[in-house]
Structure formats: structure tokens, C-alpha cells
Amino acid sequence: MQKKMMYSFPDDVLEHVFSFIQSDKDRNAVSAVCKLWYEIERWCRRKVFIGNCYAVSPRVVIKRFPEVRSIELKGKPHFADFNLVPDGWGGYVLPWIVEMAGAYPCLEEIRLKRMVVTDESLELIAKSFKNFKVLVLFSCEGFSTDGLAAIAAGCKNLRELDLRESEVDDLSGHWLTHFPETCTSLVSLNISCLGSDEVSFSALERLVGRCPNLKSLRLNRAVTLDKIANILRRAPQLVDFGTGNYASELPPDVLLNLAGAFSSCKELKSLSGFWDVVPAYLPALYSVCSRLTSLNLSYATIQNPEIIKLVSRCPSLQRLLVLDYIEDSGLEALASSCKDLQELRVFPSDPFGGEPHVSLTEQGLVTVSLGCPKLQSILYFCHRMTNAALVTIAQSCPNLTRFRLCIIEPKTADYLTLEPLDVGFGAIVEHCKDLRRLSLSGLLTDRVFEYIGTYAKKLEMLSVAFAGDSDLGLHHVLFGCESLRKLEIRDCPFGDKALLANAAKLETMRSLWMSSCTVSFGACKLLGQKMPRLNVEVIDETEPPDSRPESCPVEKFYIYRSVSGPRFDKPPFVWTMDEEGKIMH
Amino acid sequence: MEGSGVGGSESGSMSTVSREDNMVVSSVDSSCPDESELELGLGLSLGGFKTHQVSKGAQFARILTSKDFPSVIPDASPSSSSSSSSSSLTRANVTAGTKRTADSVAAANGSSQVMGWPPIRAYRMNSMVSQAKYLAAEGFNSTMENHKSETSMVEKSTAGFDRYQNNSSIKLRKSLFVKVNMDGIPIGRKVDLNAHESYEKLVKTLEDMFLKTTPSINPAGSTTLELGMMKKITRPSKLLDGSSDFVLTYEDKEGDWMLVGDVPWEMFLSSVKRLRIMRTSEATGLAPRLEERNHRQRSKHI
């Protein structure tokens, strides 16, 4: 009876039903129901997310999903952000673009993170996809403004060009002039990472002026304060604005003009930028503050009382990024003014100084957690912490999904009791049942991993540094964290035992990074041999790993699951352990 | 003669393969040729680490550069050998876990610094560095209100950002990795020359890398060197003939091997291809002074 019902739906009805299912997880579930659903689903999947560009080859993706319109790819391991992955490691997007150019003429969106993008790739994009709309390059590198010019000129319906935090070879600001006068489709433009001192400002102004749907605009530092007012007046519909330079020595009527321009933006909810900020110009923002939901002051070198003055005016604030100049007193003001706060990130103004010169301690974070129970995401750099503080934070913010604490000096104990911070982090994982991401720091023993393995059942990403005593620590995590997808570890005494005992776990994860630990070359070889669906890549910049005995620890390795076997674009310092126990190069 | 040194190494015997798989390196001062005793070692094992007792008069290992000629290296204090060995051990242990490669750079205030820590994205560091330059360069004019408080803020800001600059510019500068090989050790290493500002710093790093006990990650950990490796490293007799000082040399772009230290640092950086820590006995033709010294040394041993 039921079987009959199922087959009685024509395919296009099923397809229509599937079109309401957007999440990848759900789509994957749908495709696993039966062969028919698999077939229908794969023809109507429009969006593909590939968290590790080496987990699958472009051809395999194209074969399964022939009608994709939007693709998202991630390349290098996360620790590449901190210079732990040598240059030339990989993550090249060109092979993907080449394959997709032929197979997906209707491709509209490409989102990349931590990948190497060349001008050639950009030119190919501009040439191949007639309806191309969205290009997001998050933390990418390898291209110049020439490539951007190609995109500007070639993509007639471009809606989004977002270069956030990418490293661009900024040859000249003239690439902006390559947007044709007919281009009116821009919705989002983020050029904040561009370095050059010249930006073709008139081209920018004209572009902004003729795009009535422009909602998000993030300028770079070349754009000076006096120009901002003009831009804002041309785009009063902006929702998200990133200032360029916020310093000026111009006369006071600039302030008035600026204030007026800001107040004309009735939709403005999000502000960022603020490089080289001169506090005298901050009052220009006051008219916008009551509507602000997101404020990024993390590049602004302002201090109290300016920060407090600003933050106290933003009762709707949901997201704040700021430097530790905010100090505990500023965080107190935040806690009393911004009851809707969901995300807080506090960055260090002086990460390499021995002694803190700002009065930002664990107390500030405790105060915010007590005052803002809706907090979901915390990133906090500080110099000291206590278990008691962490327990309070955990109990006050049970909705935390992301908690990243960086106590700047490695292996710092609870400064009051001198104990490890195991209990504190244990409280975090115990109380915050939806925790998905966790970064540890401070003095930590195997105990903290026991807590994590026991409680952190929804944890997907864990970052560990200078922690633990033995393999037992690693074992707790691999054995207990059911949802674990990404694990990155550096400078911990974790060796072969836990890794080999939990080898099967690695196939359920996206990737594992370990560096400066005590995993031996022999163990890597064994893993490569026994687990054909894992790519075990040893990174060694000095000698081939087999020039040493097998018991020698490897300096760095990266293990990830893949259906497409070992990659072919490895640099000389990366070796893959293959199935025959040989190292491939 | 030897005390409770591991492996029962005896005077003149180089076939010391210690049972605990430990070895200690020391090199002998040229001014104490009679007591020359060299044991080669790399200690990766932890916790029960035992050092060899080196004969008296031996000093810490040193690598020589052109600076060291013609002046002779000063004698080490004739303190008991065990204390000199153990203090090298202490130093090694202190740095254990945090300073494993030559990439780490000491911070301005002297505390040791670790690669990629604290975890701040390069993008942010670059941004802070250039802001520090801006703040340092710009004077804020007095037409601004609260001029006084602003300048003091500026000063406060630049203090922190200067450190971003001092440190991140070292770290974020393009690396210049060159291979380093030491005679008698089959394993080469790599060192980032751009992470060092001078010959002194470079030599110090190399001494730490090759001549001191290699720090372990975790004193309670478990890694030891395999016996096979011991055999490789324990190359015999050459180390015994007394000319066991080591000299730092480099191969330049023309393929010639030169003594390190003769040219200005920047010039060195632009011409160096790789480094070799050579036994002085082998370092013939590099420098007349060196040769002469070798000759003197050898004749003493005959």
C-alpha cells in the first residue's frame, strides 16, 4: 500500500517537494532513502558544500550533481591561519574552475575559504559563467587586482564580490573602473582587505550611486574619512557598512557632514572598519547606534571612555568585536547595556608583551556572561583565568555554541588556586549542551579531555594546544565526542596509541591536524596502510620522513577522509602514506 | 674515569651505544687537547635522562665562526663535568614543549616565543602592524579636542602595536629556510635565516639544535631514539683525534664553501645557499687562520 503511494507521485512533484529542503544534511538524508529519490535529488541539487577540497575530486562532484548553481569549497587546514602550514601546501581552485567551466555553464555562486586563487582562475570564471552572481573569497590568496578587473568587466550580473581577509596583490585601484556603466546589480561589495593607497574613488562613487540594491559595502583603508559622507549619501539603503580610514585632520564641519550622512542611513545595522580611528569623529555614529546589531571595533585603537560611550548607546547590539582596550570596565558597561548580545570577540592589542597593560581579566568575561544570558559565541584573549570564573560563565550562558578562550601564556594555571583549568572547561562542556566549537588554553591535564569526551556530545570542532599529559587525553576525545568533525592539536604529548586505537573514528571526521606531538612516522605509515579512505599526509620540511627510523615523531601531519584517493598537487615537503606502506611523492 | 655515565663510555672509546639510547654531545676546547673526549649524542628520551660525564676541561659545545679566529675560545671553568652537563639538560628541559624549532623567536621582553602563538590570524597582525606605523608616523594636531588625552592614548596604543610590529614583522617576514648539516649527523635540519638578526643569534640557534640535548615535548612522554639511529650517529674515530671543534660554513651562490661571519649579515643572507657545520679538521682551505690552527692542533696530538 505504502509502496504504491510512493511511486504514485510523479518525479516532478517529488522534485518540488525536495526544493523546500535546503540543508545539506537533510538533502543527504533524502538521497539515501531509495534509488529513485537519490536520482531525483541529485538532479535537483543546486548547492554543494565541500568542506575539504581534497575530500572529493571535481569530476566526481559533477558526475553526481550535474545541475549545481552554487558551490562552496574550503582548502587549507585551519592552522594555516597561524602560519603553521608551509607555503605551497595546496588548496588550488583552478582545477575546480576548469572542470566546472565545462560542466556548469549556469553556475552562479562560488564561495571559497583558505584557497589559492589565481588571476587565471578569476579570468576563467568571468569567461565561463554567463550568469555569475556571487564570488566570496574568504582568506584566500594568489590573485591580484588584475583578476578582479576581469570579474568586474566580465560578470554582467554580479551581485556579490566579497574579498574578506584575502591577500590580494594590489597593483592598482583602477580595477574598479572595469565595472561597466551598465552594472547596477551589486548587492554586496567588500574590498576591505585591499592594501593600495589609491582607490579609483570616482569609479567607486559612481558604482555605488548606480546600484540601488547595494546593501553591504566595506571599504578599504585607502578611502579617507572625508569621502565617507559622499558614499553614504549615495547609498542610504545600506544595511552593513565598513568604513575605511577613520582618521582625519580636517575641520569640524566634516564631523557634522558625516553625522548627517550616517543619520540618513535608516537601515544601517552593522558597522566595521575603523582603521586609524580618531575618537573625535566617533560621535558621528551616535545617530546609528540605537539600531546597530553588529559592531566591529577590533581594528580600532580607541580606548575608554570612548568605547564605553559608544557601546552604551547600542542597546540592540548582538555582535561585538573589540580590542582588549575595552577592559573589564567596558565589558561591565556592555553587560548592562546590551542584553541581546549573542557574540563577543575580544582581541589582544599587545599579544607579545609579557605584562598586560590593559586591565582586562577573567572578570570582564564573567560580568558579560552574567549580564548577557543570550550569549552564543565567545572568543576571548586574556592573561589570566580561574576555574571559578569558567564555572560561572558556563552556568550563566547555557546557550553557548562556540567558546574559544586564549590565555596568552601557554600552560597558565588558575591564578588563584594554581590548579589546572580542567574543572573550568569541564563545566563549559557540561552546561553548554549545544557546544559545537571549543578552543582550549591554559594549564590542562588529561582530565579536561575526560570531561570533553563525556559531555561534549555535540562538539564538532576542537582546538588544542600545550595541553594534556598522555595518550589518554586524545583517546577520551576520539572515543567520546560523537559529533567530532575537525580536530586540530599542536604541542601536546599525544602519541601513537590513542590514534591507532581510534583509527576508525578518523573516517567519521573531516580532518585531523597534529603538529609538534609525539606521533611516530611508523604510526602514520600504518594508518595510511590500513585506512585506504584516509589520506595521511606527513609534512616535513627537512628530510623525507623515511630517512629516519619509524619510531621518530613526525613534526606535522594532516589526515582527512577522501573518496578520491591521494592528491596529485602535493609540494615536495608533503608525503602521503599509501596502502602499500610506501610513501608517495 | 667515567662516573656513572650511561653506557660506560671510556676514555678514547667511541663505540658507545648507550643502553638507554642516550647520547650527549660535547665538544672539546682546543686549549685542552689532552682531555679531549667526545661523545656524540642526541637525547630525545625524557624523564630518566642521564648525561654522560664528560671529562673535565670539556666545555659546552660550541660552533665556531670566523669571529673565533685567531682568538682561541676561552677555557670553560673547570667545574665538575656533571654540573655542566646537567645544566645543559636543565636548559633543554626548560624549553621543552615550547621551543622546538629554530622558528621560534624571542620576544622583545625576552620570554620565549612560539610559532603561531597566540593564535592570531596573519591578516589581523598585518593590519595591526601597519596601524602601528601610522600611529607612530602621524602627529595629531592640536586642533583636536582632548589633545592631551589623545596623544597619551596614541602612546598607549603604539606601545602595544609596536610589539605587533617587532614580533609580527619578524614572523611574517618571508622565511629564508636553508638546510643545515652537521658532520657526523645524518639528519639535516632547516633553519630560517630571516628569523635571526645576526650571526650570534644564528650560531646560538644552531648550537641549540645540534649540540645541546634536544628538548623533548613532554618530560613524561615516551619517545626514544631507536638503536639503529644510534649506530648511524655514533660515527667513530674521526671525532676522537682531538680536532673536534666545529666550524660553521656555508655554500654561496657560486658553489664555494666559505667560513660564516666574514661578510655583513645582510650580504650573507643574499648569498647563502646552505650551511654545514664542519669539523675543523675538514675545514681546510677555508681560512688560512683556520688551517693554521688545525695544524697546531694536530701536531699536539701526534
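How exposed is A:E460? I looked this up first in what is a predicted model, and found that A:E460 is partly exposed, with a relative accessible area of 24%.

**Entry on the pair at A:E460.** I then asked which residue A:E460 pairs with, and found a salt bridge with A:R485, in which the closest N and O atoms are 3.0 Å apart. A:R485 lies in the loop between α19 and β19 of chain A and A:E460 in the loop between α18 and β18 of chain A, so this pair ties together parts that are 25 residues apart in sequence. I noted A:R485 as partly exposed too, at 29% relative accessibility.

**Entry on A:K457.** I next looked at A:K457, which forms a salt bridge with A:E482, and here the closest N and O atoms are 3.9 Å apart. A:K457 sits in the loop between α18 and β18 (461-465) of chain A, while A:E482 sits in the loop between α19 (471-480) and β19 (486-490), so parts 25 residues apart in sequence are tied together by this pair. For accessibility I recorded A:K457 as partly exposed, with a relative accessible area of 31%, and A:E482 as exposed, with 59%.

**Entry on A:D276.** I found that A:D276 forms a salt bridge with A:R221, with 3.1 Å between the closest N and O atoms. The two residues are 55 apart and link distant parts of the chain, A:D276 being in the loop between β11 (270-272) and α12 (286-289) and A:R221 in the loop between β9 (216-218) and α10 (225-234) of chain A. A:D276 counts as buried because its relative accessibility is 2%, and the cut-off for buried is under 20%.

**Entry on salt bridges over all chains.** I wrote down a count of 34 salt bridges over all chains, and I also noted a network of salt bridges that links A:D81, A:R114, A:E165 and B:R121.

**Entry on A:D446.** A polar atom of the A:D446 side chain does lie 2.8 Å from the backbone nitrogen of A:D469. Leaving out residues up to four places away in sequence, I listed the residues that A:D446 touches, among them A:G468, A:S470, A:L472 and A:H476.

**Entry on helix α7.** Last, I checked helix α7 (residues 119-128) of chain A, which is mostly covered, with seven of its 10 residues buried. The buried residues include A:L122, A:L124 and A:I125, and among the elements covering the buried residues I noted α6 (94-103), β3 (109-113) and α8 (145-154) of chain A.

Conventions: Residues numbered from 1 in each chain as written. Chains lettered and ligands numbered in written order. Predicted model: local features only at pLDDT ≥ 70, side-chain atom pairs only at ≥ 80, totals over all residues. Heavy atoms only, no water. Polar contact = N/O pair within 3.5 Å; in protein donor to acceptor, adjacent residues only side chain to side chain. Contact = heavy atoms within 4.5 Å. Buried < 20%, exposed > 50% of the residue type's maximum accessible area, 1.4 Å probe, protein only. Helix = DSSP H or I, 4+ residues; strand = E, 2+ residues; numbered from the N terminus. Salt bridge = Lys/Arg side-chain N within 4 Å of Asp/Glu carboxyl O.
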